[in-house]
Amino acid sequence: MDINLTLLMQAVAFAAFIWFTAKFVWPPLMHAIETRQKQIADGLAAGEQGKQSLASAEKRIAEMLAEAKSRSHEIIVQGEKLGSETIEAAKTEAKVEADRIITAAKAEIQQEVARAKESLRNQVSDLAVAGATKILKREVDAKAHADLLAAIRQEL
Amino acid sequence: MAAGTELTPTEYIQHHLTFLAKPVGEGGGFWTLNYDTFITTGIVGALVFGFLWLVTRKATTGIPSKTQAFVELTVDFVNEQVKGIYHGESKVVAPLALTTFVLVLFLNAMDFLPIDVMSWIYEHVFNQHTWRGVPTADVNTTFALALSVFALMIFYSIKVKGLGGWIHELFCSPFGSNPLLWVFNLLFNAVEYLSKPLSHSLRLYGNMYAGEIIFMLLGLWAATGIVGAVLGGVLHLGWSIFHILIVALQAYIFMMLTIVYISMAHEHH
């Protein structure tokens with residue numbers, strides 16, 4: 001265990017290795033490590049941001065969905081109301097129309113009955129005249145018995 | 001064993017504990033260099049830091065390769081330790097901690113190479129009769145590291161507090177600034193300053209040296225016969241596995257103490 005020149009030489013070698021490490025090994029490795037740390041931190045931050053924006057987008061979607069649901073519900077209710085109103089109106093109109101048609105038909109029937117009665121009356125009076133003529137074997141003077149005939153017609 | 005001749009146990013251990021020490025220049029005494037320690041450190045350091053450098057050259061800020069991820073894991077581990085202890089501004093402390101950790105870890109890890117196999121390789125491939133493969137089991141290495149840290153400690157003390165502030169602290173803390181207490185303060189600080197590099201270096205040296213010795217003793221036992229070989233082999237395996245913990249732990253402790261000492265130098269008392 002002699003202390004000799006080796007000590008100095010080893011110290012010089014040690015110093016050389018320190019210098020080499022401090023100059024060529026440490027800086028690039030630390031640079032790589034620190035840059036990668038920054039990249040990872042940035043990536044994590046970006047991921048966090050993405051998560052947050054996703055959450056807010058989901059919230060907005062939920063809001064929009066709820067709004068759309070309530071709107072559609074409203075529209076359906078409105079539509080149903082409109083539909084029932086339309087049906088009601090159509091029913092009323094149809095009833096009015098039907099009444100009108102029925103009334104018109106009744107009036108026409110009455111007219112027709114009156115007209116039939118009139119023609120029947122005329123025919124009966126003619127028949128009566130013809131029958132009377134045959135009975136009397138002579139011409140009944142229509143003009144002379146006009147008021148008579150009219151009276152009979154009235155009785156019929 | 002490496003020489004192929006019969007060795008006594010003492011000779012065996014002495015052989016394994018002999019550095020390839022050669023005088024430099026006119027040499028002798030202090031001017032001797034342990035070539036094995038120095039060259040092994042150079043090769044291991046070049047391989048390890050070369051590997052780190054290759055990884056940084058292909059480093060990407062995007063998805064890292066498995067190698068890059070592993071290296072980054074180590075770097076980040078060291079960085080976290082430094083951040084937790086050191087609150088100064090120096091940009092050198094973190095790379096220094098990484099250098100210390102990686103270098104000590106791999107110099108310690110040389111201990112995993114089986115001592116007698118390596119000895120044979122050093123002898124027959126590299127033609128070196130004596131070669132110690134674990135630089136951190138050489139007290140010169142651990143003192144070199146610890147004293148470098150010590151020098152940085154002094155440097156940062158002066159840099160942060162100013163020369164006057166540092167000297168003032170030497171005399172006036174921890175007991176107070178009364179002139180009567182100056183001597184005691186100085187003594188206390190001297191002990192503290194001395195004990196730091198000593199414990200820093202000797203802890204690592206002791207652990208690695210003892211680990212090596214135990215491998216040698218188990219090797220000696222394995223040479224005694226078939227029972228010794230089996231038991232020695234089993235214990236060798238066990239000690240190797242336990243040694244993984246020691247190697248990593250000592251590297252970690254060495255790094256932590258480096259950070260702690262330097263951050264203590266930044267503190268005002």
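Residues are numbered from 1 along each chain as its sequence is written, and chains are lettered from A in the order in which they are written. Because the model is predicted, local features need pLDDT of at least 70 and side-chain atom pairs count only at pLDDT 80 or more, while totals for chains, interfaces and linings use all residues.

**View 1. Chain B as a whole.** Chain B holds 8 helices and 2 strands. Helices (H or I, at least four residues) and strands (E, at least two) are DSSP runs, numbered from the N terminus. Along the sequence the pattern reads α-β-β-α-α-α-α-α-α-α. The C-alpha atoms of chain B fill a box of roughly 70 × 55 × 40 Å, taken along the principal axes. Of the 269 residues in chain B, 33% are buried. A buried residue has 20 or more other C-beta atoms within 10 Å of its own; an exposed one has 12 or fewer; a partly exposed one falls in between, with C-beta atoms placed from the backbone. Among contacts in chain B with a separation of 6 or more, 65% join residues 24 or more positions apart. Two residues are in contact if their C-beta atoms, placed from the backbone, lie within 7 Å.

**View 2. Confidence in the model.** The scores are ipTM 0.84 and pTM 0.73. Chain B has a mean pLDDT of 87, and 97% of its residues reach 70 or more. Here pLDDT is the predictor's confidence in each residue, from 0 to 100. Among the elements of chain B, strand S1 (residues 21-28) has the lowest mean pLDDT, 75. H4(B) has the highest, 93.

**View 3. Where chain A meets chain B.** Chain A brings 27 residues to the contact, and chain B brings 38 residues. The side of chain A that touches chain B divides into 21 nonpolar, 5 polar and 1 charged. Ala, Val, Leu, Ile, Met, Phe, Trp, Tyr, Cys and Pro count as nonpolar, Asp, Glu, Lys and Arg as charged, and the others, Gly among them, as polar.

**View 4. H1(A) alongside H2(B).** The two axes come within 10 Å and cross at roughly 5°. Axes are lines fitted to C-alpha atoms, for helices over the stretch in contact, and angles run from 0 to 180 degrees between N-to-C directions. H1(A) and H2(B) are therefore roughly parallel to each other, a term for angles under 35 degrees. From H1(A), the contact residues include Phe17(A), Phe20(A) and Phe24(A). From H2(B), they include Gly42(B), Gly45(B) and Phe49(B). The residues of this contact divide into 12 nonpolar, 8 polar and no charged.

**View 5. The largest nonpolar core.** This core has 57 residues. A nonpolar core is a set of buried Ala, Val, Leu, Ile, Met, Phe, Trp, Tyr and Cys residues joined through C-beta atoms within 7 Å. Helix H1 (5-136) of chain A is among the elements that each supply at least two residues. So are helices of chain B, including H2 (35-57), H3 (66-85) and H8 (226-266). H4(B) gives the most, with 12 residues. The residues with the most contacts inside the core are Val78(B), Ala97(B), Leu98(B), Phe101(B) and Val104(B). Beyond its neighbours within four places in sequence, Phe101(B) is in contact with Val78(B), Ala251(B), Tyr252(B) and Met255(B).

**View 6. Val75(B) in helix H3.** Val75(B) lies in helix H3 of chain B. Val75(B) counts as buried because it has 24 C-beta neighbours inside 10 Å. Leaving aside neighbours within four places in sequence, Val75(B) is in contact with Leu29(A), Met30(A), Ile33(A) and Leu98(B).

**View 7. Ile246(B) in helix H8.** Ile246(B) is found in helix H8 of chain B. With 16 C-beta neighbours inside 10 Å, Ile246(B) counts as partly exposed. Ile246(B) touches Asn207(B) and Gly211(B), not counting residues up to four places away in sequence.

**View 8. Trp120(B) and Asn127(B).** Trp120(B) sits in helix H5 (residues 115-124) of chain B. Trp120(B) is partly exposed, with 14 other C-beta atoms within 10 Å. Asn127(B) is in the loop between H5 and H6 of chain B. Asn127(B) is exposed, with 8 other C-beta atoms within 10 Å. Phi of Asn127(B) is near 60°, a positive value in a residue other than glycine. Most residues other than glycine have a negative phi.

Methods:
Angles under 35 degrees count as roughly parallel, over 145 as roughly antiparallel, 65 to 115 as roughly perpendicular and the rest as oblique.
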